[in-house]
Amino acid sequence: MPRSNQTKRLLAQSLMDLMTTTPLEKISVNDIVDHAGVGRNTFYYHFEDKYDLVNWYFQSGVTQFLVERSAYASWNALLEAVEDYLLENKVFYCNALAYTGQNSLQQYIFDYLSSIFMQRAKELRPGIGADENLLVGRFFAGALMGILQPWVLGGMKTNTTRPSQTVPLLSVGELELILCGELGETHEPGKLPQ
């Protein structure tokens with residue numbers, strides 16, 4: 001692993017350690033660097049602020065996790081994989097997603113998911129316009145965030161049903177029909193029209 005990534009991981013681990021007892025808003029960059037045993041300049045060489053560190057940790061971790069799990073194949077696989085990833089880092093993400101201010105992880109995840117769905121929409125409808133593609137990406141990212149966020153903020157309790165187990169999700173074929181405007185009102189979830 002390159003030295004730069006080692007330093008970033010050290011800073012992320014420091015923040016994660018601190019977040020086990022302190023809300024993200026109350027943790028300062030000084031707290032992070034003191035706990036990590038590095039200087040402030042080292043922190044600012046890699047990150048703009050603590051929220052940039054949070055977003056980097058999510059992006060680097062979830063991307064690797066989703067690729068390893070081949071989670072981009074379907075909406076349901078993506079939701080289940082994101083749930084699994086969040087559960088593996090439960091304390092960190094419950095704390096990080098509670099913050100809703102500037103540079104929030106909530107917005108970062110929304111933008112990240114939007115880009116995934118925009119790419120999928122382009123694959124399914126190569127002629128889709130940029131504005132329509134943006135709306136499609138935002139629609140599906142908003143839906144996924146609307147399912148995940150209450151579960152995470154509720155503490156991702158293990159004695160409750162996970163969102164992916166309760167929400168009727170769309171297959172890739174159904175998503176394609178929606179994007180092409182061909183999904184009829186009489187369609188039953190899980191069954192494609194004949």
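1. Is Tyr108 buried, partly exposed or exposed? Tyr108 is partly exposed, because its relative accessible area is 27%, and a residue counts as buried only under 20% and as exposed over 50%. The residue lies in helix H7. The structure discussed in this note is a predicted model, and the remarks below should be read with that in mind.

2. The surroundings of Tyr108 deserve a word. With its neighbours within four places in sequence left aside, Tyr108 is in contact with Asn55, Phe58 and Gln59. In sequence, Tyr108 and Asn55 stand 53 residues apart, yet their C-alpha atoms are 6.6 Å apart in space.

3. On the overall fold, the chain has ten helices and zero strands. Its pattern, read along the sequence, is therefore α-α-α-α-α-α-α-α-α-α, where helices are DSSP runs numbered from the N terminus. Of the 194 residues in the chain, 42% count as buried. Among contacts between residues at least 6 apart in sequence, 60% join residues at least 24 apart.

4. The chain has a mean pLDDT of 82, and 80% of its residues reach 70 or more. Confidence is highest in helix H2 (residues 29-36), with a mean of 97, and lowest in helix H10 (residues 172-179), with a mean of 60.

5. Two further stretches call for caution. Over residues 183-187 pLDDT stays under 50, and the model has seven contacts beyond four places in sequence for this stretch. Over residues 189-194 pLDDT also stays under 50, and here the model has twelve contacts beyond four places in sequence.

6. How do helices H1 and H6 meet, and at what angle do they cross? The axes of helix H1 (residues 3-19) and helix H6 (residues 90-98) come within 9 Å and cross at roughly 80 degrees. H1 is therefore roughly perpendicular to H6, since angles of 65 to 115 degrees are placed in that class.

7. The residues that make this contact can be named. H1 contributes Leu15, Met16 and Met19, while H6 contributes Val91, Phe92, Asn95 and Ala96. By type, the residues of the contact of H1 with H6 comprise six nonpolar, one polar and no charged.

8. The structure holds four salt bridges. One of them joins Arg162 to Asp84, with the closest N and O atoms 2.6 Å apart. This pair links distant parts of the chain: Arg162 is in the loop between helix H8 (130-153) and helix H9 (163-166), whereas Asp84 is in helix H5 (residues 75-88), and the two are 78 residues apart. Both Arg162 and Asp84 are buried.

9. Glu123 pairs with Arg120, and their closest N and O atoms are 2.9 Å apart. Both residues belong to helix H7 (residues 105-124), where they are three residues apart, about one turn of the helix. Glu123 counts as partly exposed because its relative accessibility is 46%. Arg120 is likewise classed as partly exposed, because its relative accessibility is 23%.

10. Arg125 forms a salt bridge with Glu132, the distance between the closest N and O atoms being 2.7 Å. Arg125 is partly exposed, as its relative accessible area is 22%. Glu132, at 36% relative accessibility, also counts as partly exposed. Salt bridges that share partners join Glu83, Asp84 and Arg162 into one network.

11. Which value of phi does Asn103 adopt? Phi of Asn103 is near 60 degrees, a positive value in a residue other than glycine. Asn103 lies in the loop between H6 and H7. Its relative accessibility is 38%, so Asn103 counts as partly exposed.

12. Met156 lies in the loop between H8 and H9. Is Met156 buried or exposed? Met156 counts as buried, because its relative accessibility is 0%.

Note on methods
Residues are numbered from 1 along each chain as its sequence is written. This is a predicted model: local features need pLDDT of at least 70, side-chain atom pairs count only at pLDDT 80 or more; totals for chains, interfaces and linings use all residues. Side-chain values use heavy atoms; hydrogens and water are left out. pLDDT is the predictor's confidence in each residue, from 0 to 100. Helices (H or I, at least four residues) and strands (E, at least two) are DSSP runs, numbered from the N terminus. Contact means heavy atoms within 4.5 Å. A salt bridge is a side-chain nitrogen of Lys or Arg within 4 Å of a carboxyl oxygen of Asp or Glu. Buried means under 20% relative accessible area, exposed over 50%, partly exposed in between (1.4 Å probe, protein chains only). Axes are lines fitted to C-alpha atoms, for helices over the stretch in contact, and angles run from 0 to 180 degrees between N-to-C directions. Angles under 35 degrees count as roughly parallel, over 145 as roughly antiparallel, 65 to 115 as roughly perpendicular and the rest as oblique. Ala, Val, Leu, Ile, Met, Phe, Trp, Tyr, Cys and Pro count as nonpolar, Asp, Glu, Lys and Arg as charged, and the others, Gly among them, as polar.
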